[in-house]
Amino acid sequence: MKTDNSRALFEQAQAFIPGGVNSPVRAFKSVGGTPLFIKRAEGAYVYDEDDNQYIELINSWGPMILGHKHPKIEQAVLNAVQNSLSFGAPTQREITIAELIVSMVPSIEKVRMVNSGTEATMSAIRVARGYTGRDKFIKIEGCYHGHGDSFLIAAGSGAVTMGTPDSPGVTKGTAKDTLLAPFNDLEAMRKVVENNKDEVAAIIIEPVAGNMGCVLPKEGYLEGLRELCDEHGIVLIFDEVMTGFRLAPGGAQERFGVTPDMTTLGKIIGGGMPVGAYGGKKEIMDYVSPAGPVYQAGTLSGNPISMAAGLTMLSLLNENPEVYTSLDEKGAYLREGYEKSLKDLGLNYTINSVGSMNTLFFTDKEVHNFEDAKTSNLELFRKYFHAMLDRGIYLGPSQFESLFLSTALIDNDLDRIIKANHESLKEIHGK
Ligand code: PMP
């Protein structure tokens, strides 16, 4: 495909923007080549500055679950714009969206709006610390919770892709309060908790990890964490920035039937606008200022345009639960197609998927944690990524990401993806 315009823009961008991008993974550094500069998108398709069309499997890293340019979300934004872009004062719409979130997400009794997933997780940890009076928290190796200092320890997503899991600028003092445990290992978690008795404020986890590729919790794992937290007075935080409103109307906690004390949200909750949120039990959330002593604020928090987009998105999902059946069916169809290709080509790679999230790992090992994910052959992924892109399929440019399907994908799109996957696997293995 001809990408001359993207190449020229990337050159130009590097003169003024660090690495040419405003978020690292976008630079295609781990897969090489020129990142696509996107001009527009509609439904299941994005169009780059050279007017190439691609089938979308990034969907803005999750938010565009109903595809691009959904007419109702677009209209809600256009209507809201007429009343000014921002007030920095409370609005009625913020109550409506808060009520809706409380009704949809099992763990949330009160919720605070912020502007990104990063803000949501940073704030949730602060509240958990304020509530318990303890300093330490436990995160899972390979999970990503945004770029807050205390989370950039063994972090997934861009942090691992860029080979800087421990970023310069994060002080030792900060890092010492972040404890680590591997995903899906209850015994290891129990040991960390017992070695730090009465010092752990929170365990934070992506209930389905999406940032080391898609990794599912083993049966009993989330339940075990719930019990451990109850036993030790630890706040259990599910980071559902990715999985919230994606795996079910109430997120992974609904799908897996385990209720945390707090939940962080982002992505879909803003319908494509910059929004995050954190919420949980009333008694915990009442620690947040001005109800309580834990300070957290935001000039643009609850922004009227963002709330209009988010409220419309969540209402659509809430009123149309068949969206989730359809996404599950699309996910299962894609998986079947991938499995058939692997079998036909005599390849033994691992596919992890749940609902509309999916990762093909270039390893024959089962992938249950970060160590397993890292056995993937990244050179093969790099070739595969470009082979798919050449066939018009736009994947996340890293092995350690999940695909995100949208309802806009029709059967013909899924068949095109399956065919491209087959041809790409064949090409990169010289078959
Ligand atoms: N938590 C999770 C689970 C995420 O996937 C992300 C972003 N991919 C974040 C937090 C951070 O969100 P943001 O990029 O909006 O700050």
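Student: Which residues is Lys267 in contact with, leaving aside its neighbours within four places in sequence?
Tutor: Trp61, Gly62, Pro63, Gly117, Val241 and Met242. Contact means that two C-beta atoms, placed from the backbone, lie within 7 Å. This is a predicted model: local features need pLDDT of at least 70, side-chain atom pairs count only at pLDDT 80 or more, and totals for chains, interfaces and linings use all residues. Residues are numbered from 1 along each chain as its sequence is written.

Student: Why does Lys267 count as buried?
Tutor: Buried requires 20 or more other C-beta atoms within 10 Å of the residue's own, with C-beta atoms placed from the backbone. Lys267 has 26 such neighbours inside 10 Å, so Lys267 counts as buried.

Student: What does UniProt list for Lys267?
Tutor: An unreviewed entry gives "modified residue: N6-(pyridoxal phosphate)lysine". Such annotations may be inferred rather than shown by experiment.

Student: What makes a set of residues a nonpolar core?
Tutor: Its members are buried Ala, Val, Leu, Ile, Met, Phe, Trp, Tyr and Cys residues, joined through C-beta atoms within 7 Å. The largest such core has 122 residues; Ala277 is among those with the most contacts inside it. This core draws at least three residues from each of domain 1 (4–69 + 321–428) and domain 2 (71–319), bounds that come from an automatic or database domain assignment.

Student: How do you know that the span of H12 is close to the expected one?
Tutor: Expected span is 1.5 Å times one less than the number of residues. H12, residues 322–344, has 23 residues, and 33 Å is expected. From first C-alpha to last, H12 reaches 33 Å, so the span is close to the expected one.

Technical notes: Helices (H or I, at least four residues) and strands (E, at least two) are DSSP runs, numbered from the N terminus. A residue is buried if 20 or more other C-beta atoms lie within 10 Å of its own, exposed if 12 or fewer, and partly exposed in between; C-beta atoms are placed from the backbone.
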